[in-house]
Amino acid sequence: MAHDWNKRTKAVHTGIRRSQYGEVSESIFMTQGFVYDSAEDAEARFLKAGPDEFIYARYGNPTVAMFEDRIAALEGAEDGFATASGMAAVNGALMAQLGAGDHVVAARALFGSCLYILEEILPRFGVEVTLLDGTDNAAWQAAIRPDTKVVFFESVSNPTLEVVDIVSVSQMAHAVGATVIVDNVFATPVYSDAIAQGADVVIYSATKHIDGQGRALGGVILGTNDFIRGTVEPFLKHTGGAMSPFTAWLMIKGLETMDLRVRAQTASAQAIAEGLESDGTLAQVIYPGLQSHPQYGLARAQMGSGGTVLAIDAGSKEAAFKLLNAMEIFLISNNLGDAKSIATPPATTTHQRLPDAQKQALGITPGLIRLSIGLEHTDDLLADLRQAIRQI
Ligand SMILES: *Cc1c(COP(=O)(O)O)cnc(C)c1O
């Protein structure tokens with residue numbers, strides 16, 4: 001059975017729904033709706049649709065289901081719901097289960113839009129949110145209360161690469177019956193073992209490593225069959241965050257090569273981080289795969305690697321801008337996990353809206369540059385960085 005396969009085999013074969021033509025490559029079922037054999041059949045399907053019975057593409061679609069089954073199998077999750085973007089997944093996983101009076105505990109170091117949902121949107125609906133330093137297990141212990149409903153964090157935070165201890169935080173959350181939601185983008189499905197480590201719900205922005213080629217937005221919520229079909233699906237099918245079949249097809253094909261891409265990008269990121277650190281010319285090189293990283297041991301235990309993203313500190317905004325403008329291979333953009341290497345200055349882009357004091361608390365210094373390592377040759381990337389660093 002599929003369950004015994006390694007991730008790489010699952011990534012190529014799981015979830016396929018072949019049509020009557022027996023096609024090898026997965027089909028794109030580019031249809032918004034589905035025809036019923038009879039009025040009775042329509043009535044029965046609206047009452048309770050079987051696993052391979054579809055009604056409307058906002059609820060589900062065969063190509064989208066192939067992607068959901070495949071990524072769920074990779075993650076070791078019972079089920080998954082694919083969404084139009086990573087943020088539709090984060091919002092869906094939170095909003096589907098929260099209501100006025102509920103309490104959420106979350107790490108404060110988060111992707112800008114995740115922080116916006118927690119700080120700006122949820123409180124408007126009467127949800128109380130406590131934000132804390134996600135690397136501080138004692139802070140989690142102090143903040144999680146008997147009435148805490150949800151615990152939310154990025155297993156590796158964007159953009160400062162702080163690592164949260166999934167095993168310990170999940171134990172604390174489960175002691176009060178809270179649901180643990182892990183935004184696992186930086187760990188990638190390749191290195192993730194988040195469900196085995198205690199997470200109840202795992203979220204990916206498929207825009208990142210799953211597509212891996214900068215083509216489309218997408219996301220997915222993974223969890224138990226009960227949670228996905230009983231809580232997430234009713235919310236998402238009525239609020240419209242569904243993934244398009246064409247996007248699902250891109251993501252299915254992305255999954256087939258993800259393991260090879262992510263491992264190559266990680267090996268490159270490790271070599272580049274080591275090279276830059278030993279040069280000693282930068283104020284800071286942050287990478288969970290470096291022994292100098294405060295959670296080096298935790299990152300190794302949790303993911304077995306440092307991932308595809310590192311961060312460097314050029315020292316000032318002026319130096320960072322000079323470095324960015326001097327780079328010839330790295331693109332100044334804001335995606336990550338792409339085949340193309342990308343450099344992002346968070347303080348002036350993704351985290352621009354945060355007040356200076358909050359940026360400082362999060363370690364988002366004016367000179368910080370996030371580097372997403374792509375599939376180019378490691379030597380070329382390191383040479384590009386070194387020549388750009390010499391310009392500052
Ligand atoms: C990119 C990202 C998101 C949002 O995903 P989109 O597909 O851009 O909506 C959420 N969380 C993290 C950690 C991300 O990197």
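Student: What makes the five strands β8-β9-β12-β11-β10 an open sheet, and what kind of pairing do they have?

Tutor: In this predicted model, the five strands line up in the order β8-β9-β12-β11-β10, and the pairing is mixed. The edge strands are β8 (284-286) and β10 (331-332), each of which pairs on one side only.

Student: How do you know that β9 and β12 pair, and in which sense?

Tutor: Pairing takes at least two bridges. Strand β9 (residues 309-313) and β12 share five bridges, in the antiparallel sense, so they qualify as a pair. As one example of who faces whom, Asp313 stands opposite Leu368 in β12.

Student: And what about β11, how many bridges tie it to β12?

Tutor: Three bridges, again antiparallel, link β11 (residues 342-344) with β12. Within β12, Leu371 is the bridge partner of Ala343.

Student: What makes β10 and β11 count as paired, and how do they run?

Tutor: The cut-off is at least two bridges, and two bridges join β10 to β11, which run parallel. That meets the cut-off, so they pair. Here Ala343 turns up again, as the bridge partner of Ile332 in β11.

Student: Why is β12 called largely enclosed?

Tutor: Because five of the five residues of β12 (residues 368-372) are buried. Leu368, Arg370 and Ser372 point one way from the strand, Ile369 and Leu371 point the other way, and all are buried.

Student: Why is Ile312 called buried?

Tutor: Buried means under 20% relative accessible area, and Ile312 has 0%, so it is buried. Ile312 sits in strand β9. Leaving aside neighbours within four places in sequence, its contacts include Leu276, Leu282, Val285 and Leu323, along with Leu368, Ile369 and Leu371.

Student: Asp102 is at 17% relative accessibility; why does that count as buried?

Tutor: The threshold is under 20%, and 17% falls below it, so Asp102 counts as buried. Asp102 lies in the loop between α4 and β2. Beyond its neighbours within four places in sequence, Asp102 is in contact with Gln97, Gly126, Val127, Glu128 and Lys149.

Student: How do you know that the side chain of Asp102 makes a polar contact with Gly99?

Tutor: A polar atom of that side chain lies 2.8 Å from the backbone nitrogen of Gly99. The distance limit is within 3.5 Å, so the pair passes.

Student: Which residues of helix α5 are buried, and what covers them?

Tutor: In α5 (residues 112-121), the buried ones are Gly112, Cys114, Leu115, Ile117, Leu118 and Ile121. Their cover includes α4 (86-95), β2 (103-107), β3 (128-132), β4 (148-154), β5 (179-183) and α14 (356-362).

Definitions and conventions. Residues numbered from 1 in each chain as written. Predicted model: local features only at pLDDT ≥ 70, side-chain atom pairs only at ≥ 80, totals over all residues. Heavy atoms only, no water. Buried < 20%, exposed > 50% of the residue type's maximum accessible area, 1.4 Å probe, protein only. Helix = DSSP H or I, 4+ residues; strand = E, 2+ residues; numbered from the N terminus. Contact = heavy atoms within 4.5 Å. Polar contact = N/O pair within 3.5 Å; in protein donor to acceptor, adjacent residues only side chain to side chain.
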